[in-house]
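Here are a few exercises to work through with the model open beside you. Try each one before reading its solution.

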Amino acid sequence: MRHVIVGTAGHIDHGKSALVLALTGTDPDRWQEEKRRGITIDLGFAHLDLGEDLRVGFIDVPGHERFVKNMLAGVGGIDLLMLIVAGDESIKPQTREHFDICKLLGIRRGLVAITKSDLVEREVLDLVRLEVQEFVAGSFLAGAPMLAVSARTGEGLDELKSELRRLSLEAPAKPADLPFRLPIDRSFVMKGFGAVVTGTLITGTVEKEAEVEIFPLAKRARVRGIEVYNAPAERATAGQRTALNLAGIEARQITRGMVLAAPGMFQPTISLDCTINLLLSARPLKNHAPVHFHCGTAEMLARVVLLEGKEMKPGATGFVQLRLSEPGLFVPGDRFIIRQFSPVTTIGGGVVLDSAPPKHRPGDPATIESLRILEDGTPEARLELLVQRMGEAAPASLAARTGWKPAEVLRVAKSLANQKRLMLLGQPPSLLIDAAHFARLAKLLLEQLALFHTANPLVAGLPKEELRAKLVTGRAAHSLPSPTLLTALLQSLTSLGKIEVQGETVRLGGRTIQLSTEEIVARNQIAAAFEKAGLAVPSAPKVLATLRLDRTRAEKLLKMLVKEHVLYRVTEDLIFHKSALSKLREILAHRKAQNNRLGVTDFKELTGLSRKYAIPLLEYLDRERVTRREGDERIIL
């Protein structure tokens, strides 16, 4: 079955709720206050089956100017607009503001219902028709069906249903194959069930028992139950009015404006690159002006950073960066409305281009060019730009950053990889890297190794993790490279013979430790001192103090001998020459031939060592599997 959302819009008391009731049999005015006052204060919902293949969901929005922000929470997910104009009043202020909002949000289909037709003469209805035609001229409703209806008598309702069906079948389906997102417009507690949230599912699908993430709370919950248009369901799909019963979260933690989404897919943001359009009725918009920002069901304050000048004129279009007062979940392609800070009136709207942008310098030509690419560039150009901004990115994070299907991200990425503009790592691809950024990192890696060797001529190479920490380019987006990227860099440079990797150590290709004559003498002196001492070894500081080298170089020579396995560090303070440990093994082999068991006293007698040396050596032999401890004795293996 096809599901389409129809939103009502129009001035207060022009009959929106009465018309929805007449069409569906459901009163969208849910609250007693609404019924008492006879106006819609908050969003109302109802649905209508227009044949076995089509179900229409109605979002009835408030008409009073004080409740426009509630209206904005409902219009973001609609497919068709039903503009309501009362036959006895014609165009009114909220008719204009609601229609401006619908145009700014990019709604492309709809019709006009002239209500209360039973209260006026035909000549008056004809006059209202002419006024409405003039009002919608040049908009998406130019030439749209315009029907005179009466909720009281039923006049025109059958024709209205017929037009709603025709337009609904022409409307493009919401993308069910994009990651799941549901902006929350209501949350409440249902006795015996717990937290329930409602909203219009704008992308993807959700099933019972699925895990979902609540943004920007960064909390996860389980979908215990689903209702679609007030009926239990196993799953909900894009385009449906949906209620979800959530386990693992309390309803009081959830508010309108939050978003349920696929877990691990998205990141909340407080900064958006956008294009905005100012209404002709708006005042000039100044740089850093505060505004009310409405997107989906979210509403918050924001500051507008103009990127093309210090002021935007009424009716103008331009690039801006919005700095939000609180985090929210928004993706490229999302449309939004901005309202003046005070007095609160609608002044414009726009489209999100990037949901995780860097800070820009206003007037920078490169910034403007990059935003033009994000606005209407080819898919290849847009993806390449985002990867350049990120340095490296997983396909899933790019799906969230672009608003594309994951399969589309990979298709475009493979095209760029064939052109040598991106690199794909992993099979299947798990990481995308800008080719120029990869080349910069490779150059930086070689430079850092050269600097390290110059400063540390007695050290064989740099540990991988220390090397990774040195590959920060200084750009916020290009911070510490991931281990996957470091591995790719090392493999690439190794294949070219520019570096060598031994275990966790990296060095320049062909690099060997070059010792001076003085260092060679000192190295031999260290080895000889420990070899001569046998098992009764001296302390390392005492040995190093006899050398004619400075302490730093002497310690590096000691570490070199340990790394080359000439010396073995049994404990932090005890270092033995390999020949002494080899003789110890011979002693134990001879003992094993007579008796394979020995205690600490036996070991001391065999070696002539004090307990200071005996215990650490026995523990070392246990680690080396030469012996195995059993109680107070050792078994010689």
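One term first: buried means under 20% relative accessible area, exposed over 50%, and partly exposed in between (1.4 Å probe, protein chains only). This is a predicted model, where local features need pLDDT of at least 70, side-chain atom pairs count only at pLDDT 80 or more, and totals for chains, interfaces and linings use all residues. Residues are numbered from 1 along each chain as its sequence is written, and side-chain values use heavy atoms, with hydrogens and water left out.

**Exercise 1. Find where pLDDT stays under 50.**

Solution. pLDDT is the predictor's confidence in each residue, from 0 to 100.

**Exercise 2. Describe how α1 and α6 pack.**

Solution. Helices (H or I, at least four residues) and strands (E, at least two) are DSSP runs, numbered from the N terminus. Axes are lines fitted to C-alpha atoms, for helices over the stretch in contact, and angles run from 0 to 180 degrees between N-to-C directions. Helix α1 (residues 16–24) meets helix α6 (residues 157–170) at about 85°, and the axes are 11 Å apart. So α1 is roughly perpendicular to α6 (under 35 degrees is roughly parallel, over 145 roughly antiparallel, 65 to 115 roughly perpendicular, the rest oblique). Now the side chains: α1 brings Leu19, Ala22 and Leu23, while α6 brings Leu157, Leu160, Lys161 and Leu164.

**Exercise 3. Characterise the Phe99 and Phe135 pair.**

Solution. Rings of Phe, Tyr and Trp (its six-membered ring) pair if their centres lie within 6.5 Å; planes under 30 degrees apart are stacked, over 60 edge-to-face, the rest tilted. That rule gives 5 aromatic pairs. For Phe99 and Phe135 the centres are 5.3 Å apart and the planes sit at 45°, so this pair is tilted. Phe99 belongs to helix α4 (residues 93–104) and Phe135 to helix α5 (residues 122–136), 36 residues apart. Phe99 is buried at 1% relative accessible area, and Phe135 is buried at 17%. Phe99, Phe135 and Phe140 form one aromatic cluster.

**Exercise 4. Work out which geometry Phe293 and Phe330 adopt.**

Solution. Their centres are 5.3 Å apart with 90° between the planes, an edge-to-face pair. Phe293 is in strand β19 (residues 289–295) and Phe330 in the loop between β22 (317–328) and β23 (335–340), so the pair ties together parts 37 residues apart in sequence. Both Phe293 and Phe330 are buried.

Terms used
Contact means heavy atoms within 4.5 Å.
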